[in-house]
Amino acid sequence: MSPQTTLLFVLAAVAVIVGVRWVASRTGLPAAALLPLIGIAYALLPGPNISLDPNLVLTVVLPPLLYSAALDSSLLGIRRNLRIVVSLSVVLVLLTALLAGVGFHLFVAGATLAAGIAVGAAIAPPDPVAALAVGRRVNLPPKLVTIIQGEGLLNDATALTILKVAVAAAVGGGFSFPSAVGQFMLAAVGGVAVGAVVAWGVRLARPLTADPLLSNAISLATPFVAYLVGEELHVSGVLAVVIAGLIVGHHTPRLLSGATRLQTSAVWRLVDFLLEGFVFLLIGQQLPTVVRGLHEYDTSTVVIAVAVSVGVVLLLRPAWLVLIQVLPRSLHTRLGGTSDEDDTDEPGSSREAARAERNARRLTGREVAALSWSGTRGVISLAAIFTLPLTTDSGVPFPDRNLLLFCTFVVVLVTLVGQGLTFAPLVRALGLRANENDQARVRNEARSAAVEAALARLDEVAADEPDLAAAVNVTRGQLQTRLARYRGRLDLLQSAESAEVPTSPEYEAALRIRRAAIEAQREELLRWRDAGRLPDEGLRVLERELDHEELLLPKRNRR
């Protein structure tokens with residue numbers, strides 16, 4: 001393919017991604033479900049097509065997507081929900097691979113246990129992109145968002161490790177349970193260590209992060225460094241990327257300046273938008289490749305294999321989620337929870353608080369239903385299954401490779417399109433919504449506390465440097481005005497009985513006036529620029545100041 005043709009493909013893909021994003025914003029349909037359908041439609045047309053290169057996906061596409069997701073995740077939130085996250089990202093992935101392997105071995109003619117485990121490992125890890133995109137649009141509770149994020153960050157490492165073991169057994173290397181456990185533990189522990197070291201290296205580079213451009217360059221390079229170092233040391237590069245992202249994201253407020261954070265966040269949003277769009281288009285375009293090799297199988301064999309794959313994915317997840325809610329407390333503790341015995345010697349109030357915290361971590365029936373339908377599969381499943389070798393060590397074709405490719409593609413399509421399109425209606429039907437009033441109240445309490453801390457610091461400055469009294473008083477007046485506004489808003493939130501954020505005519509009017517003032521300033525700056533009185537460079541500086549001021553206004557009130 002010539003450079004001009006490649007560029008044309010890229011530009012056409014960007015146009016499709018932008019168009020689908022626009023349609024999705026107008027209709028509420030998830031772009032992650034629409035793009036694969038467009039990819040399939042294009043794949044059925046005559047002309048050149050793009051084949052998935054699994055090594056390119058695992059090395060170039062996966063690290064930045066995982067790292068960006070880790071930066072936006074909550075390390076403390078994942079730790080609070082560690083039991084459910086570990087059970088989904090490790091135990092459920094392992095059970096899915098084993099059950100699929102047994103199902104293939106028992107019901108699919110000629111299929112081996114190792115080949116079945118290989119396809120099970122490929123279809124086991126959910127890709128949370130579609131579920132989270134829909135979940136945020138319908139205001140899914142933060143607890144469920146954290147669980148879906150945590151599962152999606154950690155399950156890829158588990159699945160890829162299981163896949164390596166299964167492929168080694170299928171190609172003739174044999175299977176040893178102790179060896180498999182040892183490989184998994186080495187990959188996991190080594191991946192965590194490499195991720196922590198890379199994150200430590202990023203913290204050492206803090207003097208360079210004062211420049212937003214240097215900070216962006218370091219941020220974009222970090223996931224690739226973590227992945228390559230991990231793979232070079234024969235541990236989990238995927239887990240190294242995730243751990244590095246979680247640690248760096250947790251410490252970002254202390255590492256970066258405000259201007260740097262704004263720019264870095266914008267860069268990563270663009271990277272996510274384009275990479276995710278290309279990935280979902282690429283999924284649909286693999287249809288000719290996966291269908292091409294099915295002529296050697298009977299229709300009944302294909303149907304049974306697909307039924308086993310889809311059935312395991314759709315049925316095991318809700319069954320496991322229900323099971324872990326009724327497990328004994330001792331097993332909860334081993335998986336990262338807390339037991340009733342942990343607080344028996346504490347005062348009554350402490351015991352009640354600990355019990356309330358444990359109950360908050362447990363899933364309700366509605367939450368179990370929502371999580372059961374959030375397991376959409378994506379490009380990681382396809383990239384993993386495409387890494388299967390063509391032949392075994394003896395030179396014979398890898399057992400049922402084409403059939404495994406097709407089963408994985410169907411699972412991805414069924415979950416990505418089927419669950420992706422129906423997840424929002426399900427969440428609405430379950431009545432699962434974040435308590436916007438509680439979230440707004442906590443934010444306003446934090447704002448008030450921050451302003452009070454600033455006023456206390458000003459008192460210290462005034463006492464230490466009396467010459468600065470005039471400047472301190474100006475700043476104190478501005479902060480006191482802001483504090484009064486936050487406290488008034490907090491009083492309104494605390495008096496509200498609904499879970500929705502209350503509004504007042506005065507508050508809405510003040511927001512409209514502030515936006516009108518900002519818009520008037522922009523128009524005047526443009527008149528100065530057009531009249532030749534303000535250089536473009538000066539315009540951009542002043543415009544950026546207004547943009548930051550506008551960014552502080554609540555988006556929900558935008559007219």
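The model is predicted, so local features require pLDDT of at least 70 and side-chain atom pairs pLDDT 80 or more, while totals for chains, interfaces and linings use all residues. Residues are numbered from 1 along each chain as its sequence is written, and side-chain values use heavy atoms, with hydrogens and water left out.

**Helix packing**

Helices are DSSP runs (H or I, at least four residues) numbered from the N terminus. Axes are lines fitted to C-alpha atoms over the stretch in contact, and angles run from 0 to 180 degrees between N-to-C directions.

| Helix pair | Angle | Axis distance |
|---|---|---|
| Helix 1 (residues 3-27) and helix 12 (residues 258-284) | about 100° | 10 Å apart |
| Helix 18 (residues 379-386) and helix 19 (residues 401-430) | roughly 175° | within 9 Å |

Helix 1 and helix 12 are therefore roughly perpendicular (65 to 115 degrees). Their contact (heavy atoms within 4.5 Å) involves Val10, Ala13, Val14, Val16, Ile17, Val18 and Arg21 from helix 1, and Phe273, Leu274, Gly277, Phe278 and Leu281 from helix 12. By class, there are 10 nonpolar, 1 polar and 1 charged residues in this contact. Here Ala, Val, Leu, Ile, Met, Phe, Trp, Tyr, Cys and Pro count as nonpolar, Asp, Glu, Lys and Arg as charged, and the others, Gly among them, as polar.

Helix 18 and helix 19, by contrast in topic, form the second pair and are roughly antiparallel (over 145 degrees). On helix 18, the residues involved are Ser381, Leu382, Ile385 and Phe386; they meet Arg401, Leu404, Leu405, Thr408, Phe409 and Val412 of helix 19. The class breakdown of this contact is 7 nonpolar, 2 polar and 1 charged residues.

**Individual residues**

The loop between helix 18 and helix 19 contains Asp400. Phi of Asp400 is near 55°, a positive value in a residue other than glycine. Asp400 has a relative accessibility of 16% and counts as buried (under 20% relative accessible area, with exposed over 50%, for a 1.4 Å probe and protein chains only).

His234, in the loop between helix 10 (212-232) and helix 11, also has a positive phi, near 60°. His234 is exposed, at 67% relative accessibility.

Thr252 belongs to helix 11 (residues 237-255) and is buried, with a relative accessible area of 16%. A polar atom of the Thr252 side chain lies 2.7 Å from the backbone oxygen of Val248. Between Thr252 and Arg203, the C-alpha to C-alpha distance is 9.2 Å, although the two are 49 residues apart in sequence.

How values were computed. Helix = DSSP H or I, 4+ residues; strand = E, 2+ residues; numbered from the N terminus. Parallel < 35°, antiparallel > 145°, perpendicular 65-115°, else oblique. Polar contact = N/O pair within 3.5 Å; in protein donor to acceptor, adjacent residues only side chain to side chain.
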